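Please open the structure in a viewer and keep the selection panel at hand.

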Amino acid sequence: MNLSGPGGFQVYTASAGIGDDGREDLTIIASEVPAVSSAMFTRSRFAGPSVVLSREAAAQGRARAVVVLARNANVATGKEGMDNAVEIRQSVARTLGIVPEELLIASTGVIGVQYPMPRVREVLGRLTWPFGGADFEAAARAIMTTDTKPKIIELPCGDAVVTGIAKGVGMLEPDMATMLAFFCTDARVEQADLDRIFRSVVDRTFNAVSIDTDTSTSDTAAIFANGLAGPVDLAEFEQVLERAALHLVKEIARDGEGASKLIEVRVTGARDTEQAKRVGKTVVNSPLVKTAVHGSDPNWGRVAMAIGKCQDDVDIEPEHTRIAFGDLEVYPAEPTEAALAALVEHLRGSEVRIDIDLGIADGAFTVYGCDLTEGYVRLNSAYTT
């Protein structure tokens, strides 16, 4: 099926001089008609003005647009930073002919630096509505920071289309992940249903990814539904949205800063979902597990070590636990030399799957991450220089 994006949305991208390489770094995505929305944000105590303003707008569930400034988080910037965010939001809303409460604002990048407001004002001063197109691929590129590639997905849902874009390669824990994700659809969904479905999908996808255990100050995930394609089956809509979100999650994990491999940790047999998620995150966040995967080292004992760090989960017993890489069980069965050789081959792949069964009950959760490489250290040791 040849899709051309959801009906009734327009996209604008430009270089606002936020970075120093001329790359496009300002994005606006807007519905031509009123829409319903849902959004989730970082829980960081250092959340920036963009998150503070967008939380207030998102509570009403009627946002129809978002403006994104990439490469500057506008965090820890005091009253000036808040005033700048308010000014940008009001300027864009005025051009779109909507009230500021219908516009989210998102920002991501370096912390503690003010926006280059003269350049931003110049770009916004040239802004006209309608934009005249909906290039979501350009939007996916313009929201990038240290990402190496844009992340975009488009799927059909009945007569409607769901399009999602995301950025994120670091600071992805404990929730969502420095992650921005925006979904647009022309499906007609009641706001209460949209909010319920979106929150559930985010919990199973974006809240299941971790790169380095650091929490971003700017995480934002939002969905806008303008209803132009008519109603859809809600169960199908949730399945399509989850497929789209999971695709973006895997792209984020694959593109983790310096990453060379995607790690998928499937935990089953847990007491409940929360325990499964906790164990999975502990394993995927372990530097020793991550470096073993990077080096294709069949040191499965590091997975057992990581599980053991969940000291408060006293119902986890070694004698009831099973560990496997792909289909290769390594514990409790002692791996043979042939099995270890097969494990090395599995670890050499671009995707590594670790299966853990705790043998307690039927709780299950899957988390996603990446290996830890010299590239991660190089990139983050010189991020602002």
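Which domains does the domain assignment of the protein give? In this predicted model, select residues 9-249 for domain 1 and residues 262-382 for domain 2. Taken over C-alpha atoms, the centres of domain 1 and domain 2 are separated by 32 Å.

**Helix H1**

Next, select residues 49-58, which form helix H1. Is this helix largely enclosed or largely open? Of the 10 residues of H1, 7 are buried, so the helix is largely enclosed by the rest of the structure. To display the buried residues, select Pro49, Ser50, Val51, Leu53, Ser54, Ala57 and Ala58.

**Serine 50**

Within H1, centre the view on serine 50. Its relative accessibility is 4%; because the cut-off for a buried residue is under 20%, serine 50 counts as buried. Which residues does serine 50 touch, not counting those up to four places away in sequence? Show Ile105, Ala106, Ser107 and Tyr115, and the set of such contacts is on screen.

**Aromatic pairs**

Turn now to the aromatic rings. A search of the whole structure finds 5 aromatic pairs. For one of these, select tryptophan 129 and phenylalanine 131: the ring centres lie 4.8 Å apart and the planes stand at 90 degrees, so the pair is edge-to-face. Tryptophan 129 is partly exposed, with a relative accessible area of 27%, whereas phenylalanine 131 is buried, at 17%.

**The largest cavity**

The last stop is the largest cavity, which has a volume of about 50 Å³. Which residues line the largest cavity? Select Val289, Ala292, Val293, Asp297, Asn299, Trp300, Arg302, Val303, Phe325 and Leu347. By residue type, this lining divides into 7 nonpolar, 1 polar and 2 charged residues. To see where the lining comes from, colour helix H8 (287-294) and helix H9 (301-308), each of which supplies at least two of its residues. The largest share, 3 residues, comes from H8.

Technical notes. Residues are numbered from 1 along each chain as its sequence is written. This is a predicted model: local features need pLDDT of at least 70, side-chain atom pairs count only at pLDDT 80 or more; totals for chains, interfaces and linings use all residues. Side-chain values use heavy atoms; hydrogens and water are left out. Helices (H or I, at least four residues) and strands (E, at least two) are DSSP runs, numbered from the N terminus. Buried means under 20% relative accessible area, exposed over 50%, partly exposed in between (1.4 Å probe, protein chains only). Contact means heavy atoms within 4.5 Å. Rings of Phe, Tyr and Trp (its six-membered ring) pair if their centres lie within 6.5 Å; planes under 30 degrees apart count as stacked, over 60 as edge-to-face and the rest as tilted. Domain bounds come from an automatic or database domain assignment. On a 1 Å grid over the protein atoms alone, a cavity is a set of points where a 1.4 Å probe fits but cannot get out, and a pocket is an open set with protein on both sides within 12 Å along at least five of seven lines; lining residues have an atom within 4 Å of a point. Grid points are joined across faces, edges and corners, and a volume is the space filled by probe spheres set on the points. Ala, Val, Leu, Ile, Met, Phe, Trp, Tyr, Cys and Pro count as nonpolar, Asp, Glu, Lys and Arg as charged, and the others, Gly among them, as polar.
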